[in-house]
Amino acid sequence: MPETYRPEVIEHLVRPRNVGEITDASGVGESGDAACGDIARFSVAIQDNELADVRYKVYGCAACIAAGSALSELVRGRGLLDAARISKEDLRNALGGSLPAGKEHALTLVLDALHKAFEDYWNRAAGDMLIEGYGGNGKSGGKSVVAAMSGGVDSAVTALLLKESGYDVATVTFRLHDGEKGSRSCCSPDTVLFARDTAHRMGLPHFTLNLKDLFQKRVMRDFVGSYEKGRTPNPCVACNAHVKFHAAAFLADGLGFHHVATGHYARVGRGPSLARPKDAAKDQTYVLWPIPQELLARTVFPLGDYEKPEVRRIAEDRGMAVAYTPESQDICFIPDGNYRKFVRKEVAAEPGEVVDAAGKVLGRHGGVVDFTIGQRRGIGVSAPTPLYVTEVRPQSKQIVVGRKRDLAVREVRVRDLNVFLDPEEASSVQVRYNGSPVPCEVEETEDGDWIARLAEPVMGVAPGQSAVFYSPDGERVVAGGVVARNDS
Amino acid sequence: MTDHRVYLDHAATTPLDERVLEAMLRHLRGGRGNPSSLHASGAGAREAIEAAREPVAELLGAAPGEIVFTSGGTEADNLALFGLARVAESSGEHHIVVSSVEHAAVRESARRLQESGWQVDRVAVDADGAVDPDDLAAALRPDTALVAVMWANNEVGTVQPVRELAEMCAERRIPFHVDAVQAAGRVHIDMARTPVSTLAISGHKFYGPQGTGALYVRDGVTLDPILLGGGQEHGLRSGTENVAGIVGLGAAARLSDGALKERARHETMLRDRVISGATALPGVSLNGHPEKRLSNSVHLSVDGVEAEGLVLFLDALGFEVGSGSACASASAGHKASPVLLAMGQDEREAFSAVRITVGKDNTEEEIEAFLLAFSAAITQLRELSPISAT
C-alpha cells in the first residue's frame, strides 16, 4: 500500500460505528457506483427535525468506510440543521486530518450519501404537495431564511449577506433536471456538490430538494407545449411561478423558518409588490412577476440593494470559489442554447405552408415549432424586402410572413394576471424580455383580461411572453401576465 | 494492535535470512575495495563477487559466466527487453510478443518499445491466467525479435508452461525472456533443460537482500547494455558493484538451492490449508490455476468486500497480506489489476482480491489464527457493505 492512514481511520475501519440500515427510515440516500469502486448508503430516522438515528453501509476503500463511520458519529442525535452543516473539513478533522493522496473523495462520497438521505426525507415529506402547488404557511420563525443556491456567485453572496445581517440561514439547491453538467458521473464536478461545498465553507447548512417531476410538469412540458401552440414561452417565468419559491417556502415551513430568499436582482416593495433593484442592468422583475403575493410577502432579495460588480467583489474579497463562475445565459435545461433542437426532440413537427397576410402561399416550412414571431431567419422564402414571421398558426400549420412594419402592435391582450397594486397605477408595460416599458393605458375586460393600449407601436409581440406593468415612477411592478393571442 | 505479527506477504518481499545477513555483515565490516581495483582490497572484493556468482548460477542450472548482477528484478527485465530489442533492431526485426499478465517491469518496457515504433502483441491467458502454447505459436512471425513470458505470475501465482514455450521459441531461433522473479528459489529451474535466452531473478524474493538481482544470459545470446560506463559485468551492467548485496544474493541462492524441496513441501502444506480454509467461507474463491501454481501463493476474490479495507483490517489484527489489485490510487481513483482483467474478471471482482503468500518460517498455528481473523474480517466488512451478495 503506497499510502498510509492515520490511526483514527484504522480505528473506524476496525470498529465502525452505526453500521446497518434503518428498516422504517425517514430517508435513504446512496452515492457512488461500483464502477468507481465505492458505494455509500445512509439511512436516517428524523423526528422533530432531529436525527434520532443514523445508519450507514459502505462498499469501498478503508477511507470510505472510516469516513462513513465518522460522519454517522458526527450527526447522530444532532438537530437536522446542525447535521446539514457538517462539512468535509469537519469530517476530515474527525478522522485526524487529511487523508492520503487520492482518498479525499471518500469525504465527498459519504457526505453526498447522507445528504441524499435528507433529500429523500424531504421528498417523502412533500409527497404531492409541491406538484399540486404548495402555498406555504409561513407561520413560524423570526429572522430565519431559506436561501436558494444554484452554485453561482449571486446566490452564494445572497446567503452570505443574509448570514452577516443576522439571519439564521439554511441553503437549498434544487435538482431540476438531468442535464446538469457532470451529473452522470460521480467523480466529476457536479452543481449540487459545488453548491453544498460553497454553503459549508460559509458554515451554513445545505439541503437538496428533488424537483425534477415538478419542473418537468410545470416548466419543461409547458415550454415544449408552447412552441407546439405557436407561442413563445419563457421557462424562467414558469419556474418562478410554480417551482422555486414554492419549494423554498416548503423547506422553510419544514424547518420552522419564516423567509425565503434568492439571488435575483429585485426588491420587495409595499403591498407587497415587486420593485426594481439598484442595478438596472440586472433587473429581473420582468421574470419574477408570477410570484404569488403570499410568497412574496416572505421573500427577501438581498441583491436588490447591490450592483453586480459589487456582488462579484464581495465574493472575491472572501476568497469564494464561486466568484469566478461564469454568468449563466441560456435556459438551464438547454445548456447549448439550441431551443429548436430541444423542442424537436420532444415533438414531431409537421411541415406546412408559408403564407402572406392575404393568404397567398409563398413556400413550405418544416414545422411551426421552428418559428416565433419577429423571426427573420430560416423562413426559406426569397423576397425583395426582408420577411418576418408575423403570426404562427399551429392549427392550420401555417406561418404568416410580412414586412417589418407588419410586426408593429399597438394593443396587447394580457391574461393570467398576478396583480400586486391597484390597476389604476399601471402606466407602462414591458412585453419583451430584452425590451423596455412602453407607456400604456389599461382596460380591464369582463373576463378579467387586461387590454394594454400602447402609446407607441412595439415590434414582435409574441403570445406566451410576459407582459409586466409598471407604476408611474417606473419603479414598482403593478401586475404581470401572459400575452394572449389577438384573436382569442 | 497485537504484538505478534504474522507475515503472509512473501510475494512482495521475504524477510532477510539471518545467515544471509551474517554473510553480508562479514563483508561490510571487512571489505573496503572496489572490485575493479588492482590492489589486494580490490581483488578481495572481486573474489567475493565471483564467489557469489557460483551459487546463483547453480540455483538456475547455469554457468557462472552467464550471470549478470543487477539492482533487482526490474532492472534485469529492462536489460533483457531493451538489450535484446536493440540488437534485433539492427537486423530489421520489429515485432515483440509478451503475455498479457506480465509484471509491470516487462509490461511497461514493452509499452515503451511500442511507443518507439515496435509492434507488440500481447498473448491472452485463460481464466486461470495460463498462456496456451498454441496461442503463442499463432502470435509468432518471421520478424518476431523477442518473446517474454513470466515463469510464475506475481499476483495469482499461476505457473506458465515455460519449457514448452521456450522450446517453441528455440526451434524458431527467437530470443525468449523469462521473468522468474517469483519462481527463483521456490521452483526447480534448470537452464540446461529449459532453452530460455534470458531470465530475471530478484534476491529479496528468496530471503536475500532488497536491491539485488541478476539476469541470466545464455552463452551465445547477445544484448546491448542499457547502463553505460565502466563496463562491469561483462560490459552488460556498468557501475561499481553492490558487493555486499551480491554476497547476500549468493548466500540466499545457496541456502534456497539446498532447501528447495523442503521449503516447497512446507509451503505447499500451509498454502493448501489457506486455500481449503478460506474457500470454505461463502463468497470466497481462488484465483489462478488450482494445481499449476506457486507453492506459497494463494489469491482470493472476496465477494462484497474491497481489498484495501480487508488488507488494512487484517493488518490491524496483526496479519500482513497483499492487496491483490495493488490498488494504485491515482487522483482519478484506483485501478483494477490488469492481470485479473486479462483473466476475464470484471472491475468489481478485480477490486475484491487479496493475496496471501506464505514463507518458510510460517507455522500451522499462524495459518489457523489467520483463517479465524480472515473470517471475522470479511464477516464484519460484509455487514458494512450495501452490495454484499452473500
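Guide: Happy to. Let's start with domains: their bounds come from an automatic or database domain assignment. For chain A that assignment gives domain 1 (7–112), domain 2 (127–324), domain 3 (349–402) and domain 4 (408–483). Keep in mind that this is a predicted model.

Visitor: How many Å separate the centres of domain 1 and domain 2 of chain A?

Guide: Taken over C-alpha atoms, those two centres sit 28 Å apart. The domains do touch: 12 residues of domain 1 of chain A meet 11 residues of domain 2 of chain A.

Visitor: Which elements supply at least two residues each to the side of domain 1 of chain A that touches domain 2?

Guide: Those are β1 (27–33) and α5 (105–126) of chain A. The most comes from β1(A), which gives 3 residues to that side of domain 1. Sorted by class, the side of domain 1 of chain A facing domain 2 has 3 nonpolar, 5 polar and 4 charged residues.

Visitor: And chain B, how is that divided?

Guide: Chain B has domain 1 (6–14 + 260–384) and domain 2 (18–256). The centres of domain 1 and domain 2 of chain B are 27 Å apart over C-alpha atoms. Their contact draws 22 residues from domain 1 of chain B and 25 residues from domain 2 of chain B.

Visitor: What builds the side of domain 1 of chain B that touches domain 2?

Guide: On that side, α7 (243–279), β10 (297–302) and α9 (338–342) of chain B each supply at least two residues. By class, this side of domain 1 of chain B splits into 7 nonpolar, 12 polar and 3 charged residues.

Visitor: Let's step back to whole chains. How many helices and strands are there in chain B?

Guide: Chain B has 11 helices and 13 strands. Its radius of gyration is 21 Å, close to the 21 Å that the globule rule gives for 390 residues, so chain B is as compact as a globular protein of that length. Along the principal axes, the C-alpha trace of chain B spans about 65 × 50 × 40 Å.

Visitor: What are the matching values for chain A?

Guide: Chain A comes to 15 helices and 20 strands. A compact globule of 488 residues would have a radius of gyration near 23 Å, and the 26 Å of chain A agrees with that. The box filled by the C-alpha atoms of chain A is roughly 85 × 50 × 45 Å along the principal axes.

Visitor: Can we zoom in on a pair of helices? At what angle do α1 and α2 of chain A pack?

Guide: Helix α1 (residues 7–14) and helix α2 (residues 62–75) of chain A pack at about 80°, and their axes are 8 Å apart. That angle is why α1(A) counts as roughly perpendicular to α2(A). On the α1(A) side the contact uses A:V9, A:H12 and A:L13, while α2(A) brings A:A62, A:A63, A:I65, A:A66, A:S69 and A:A70. By class, the contact has 7 nonpolar, 2 polar and no charged residues.

Visitor: Which parts have a pLDDT below 50?

Guide: In chain A, look at residues 182–189, where pLDDT is below 50; beyond near neighbours in sequence, that stretch has 13 contacts in the model. In chain B, pLDDT stays under 50 over residues 325–333, with 24 contacts beyond four places in sequence. As for averages, chain A has a pLDDT of 90, with 95% of the residues scoring at least 70. The mean for chain B is 93, and 95% of its residues reach 70 or more. The model scores ipTM 0.80 and pTM 0.85.

Notes: Residues numbered from 1 in each chain as written. Chains lettered and ligands numbered in written order. Predicted model: local features only at pLDDT ≥ 70, side-chain atom pairs only at ≥ 80, totals over all residues. Contact = placed C-beta atoms within 7 Å. Helix = DSSP H or I, 4+ residues; strand = E, 2+ residues; numbered from the N terminus. Nonpolar A, V, L, I, M, F, W, Y, C, P; charged D, E, K, R; others polar. Axes fitted to C-alpha atoms, helices over the stretch in contact; angles between N-to-C directions. Parallel < 35°, antiparallel > 145°, perpendicular 65-115°, else oblique. pLDDT = per-residue confidence, 0-100. Rg over C-alpha atoms; globule rule 2.2 N^0.38 Å.
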